[in-house]
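Trainee: I have a new structure open. Can you walk me through the aromatic rings?

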Amino acid sequence: METELLYLRDAHLRTFEASVTDVDADGGRVALDRTAFYPTGGGQPHDTGTLETPSGHRTVTSVRKEGTVVWHALEGGDLPAVGDPVTGQLDWQRRHDLMRTHTALHVLCGVIWNEWGVPVTGGNMEPLSARMDFEFDPLPEGFKERVEDLVNIELAADRPIEVTFLPRSVAVQDEDLIRTKVNLIPESVPEIRVVDIVGLDKQADGGTHVAHTGEVGRIRITKTESKGKGNKRIRLEVVDAP
Ligand SMILES: [Zn+2]
């Protein structure tokens with residue numbers, strides 16, 4: 001049975017009620033009819049937290065999406081049974097730090113596109129630290145200081161971040177989304193989720209984001225590296241605003 005992904009519409013949801021739809025005893029994990037736990041994907045790592053089950057507290061150690069089902073790996077006691085009601089609670093510190101980091105990366109993408117017209121090629125994040133690769137060749141003079149300034153100006157501008165759902169036929173004609181290769185999303189997906197940092201960066205995206213850029217704090221570029229021709233890696237950390 002398909003799992004309803006509560007985080008897609010409300011990234012700030014920390015607790016939720018659900019029921020167990022499937023049990024994988026060998027894997028020590030359960031599937032739920034709905035979840036606020038983000039499963040690893042799109043460069044964003046999974047959430048952790050707890051599930052309150054009829055037989056007690058369990059720790060959620062890992063979350064994976066397989067097809068349309070989200071599996072929650074549990075520790076701390078027996079698995080609940082199919083049909084059992086559970087209450088989920090996220091480790092909010094970890095999730096919120098990931099939201100801040102994910103949004104910081106979108107701001108970085110927007111700034112680099114606006115200033116240098118260079119697209120992103122890949123990336124990965126942990127809570128409050130991340131790397132992202134861009135098609136620079138080579139990096140411009142004084143890049144590190146300049147990009148850090150530009151990102152922090154956008155964060156301080158406290159731009160709102162809006163999440164909407166567009167029919168695929170509409171999304172593939174949006175110029176901002178075409179730039180981020182929206183056409184690569186499989187045709188079987190009827191509705192595209194769009195994360196819009198208003199006036200700066202718009203992407204088709206399944207990740208969790210803060211509500212406005214001021215919620216990120218600030219960033220520090222910790223390192224830039226060459227990963228070959230037309231591929232430069234930028235490492236950053238997210239810190240609290242002073
Ligand atoms: Zn993203």
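Mentor: Start with Phe143, which is buried at a relative accessible area of 3%; buried means under 20% relative accessible area, with a 1.4 Å probe and protein chains only. This is a predicted model, where local features need pLDDT of at least 70, side-chain atom pairs count only at pLDDT 80 or more, and totals for chains, interfaces and linings use all residues. Residues are numbered from 1 along each chain as its sequence is written, and side-chain values use heavy atoms, leaving out hydrogens and water.

Trainee: How many aromatic pairs are there?

Mentor: The count is 6 aromatic pairs. Rings of Phe, Tyr and Trp (its six-membered ring) pair if their centres lie within 6.5 Å; planes under 30 degrees apart are stacked, over 60 edge-to-face, and the rest tilted.

Trainee: Why do Tyr7 and Tyr38 count as edge-to-face?

Mentor: Their ring centres are 5.1 Å apart and the planes are at 70°, so the pair is edge-to-face. Both Tyr7 and Tyr38 are buried.

Trainee: And which ring pairs with Phe143 edge-to-face?

Mentor: Phe136 does, at 5.0 Å centre to centre with 65° between the planes. Phe136 is buried too, at 3% relative accessibility. Ring pairs link Phe136 and Phe143 with Trp116 and Phe134 into a cluster.

Trainee: Switching topic, where does the charged end of Arg9 sit?

Mentor: Over the ring of Phe165, 4.0 Å from its centre. That wording requires NZ of Lys or CZ of Arg within 6 Å of the ring centre and within 35 degrees of the ring normal.

Trainee: What about Arg29?

Mentor: The charged end of Arg29 sits over the ring of Trp71, 4.5 Å from its centre.

Notes. Buried < 20%, exposed > 50% of the residue type's maximum accessible area, 1.4 Å probe, protein only.
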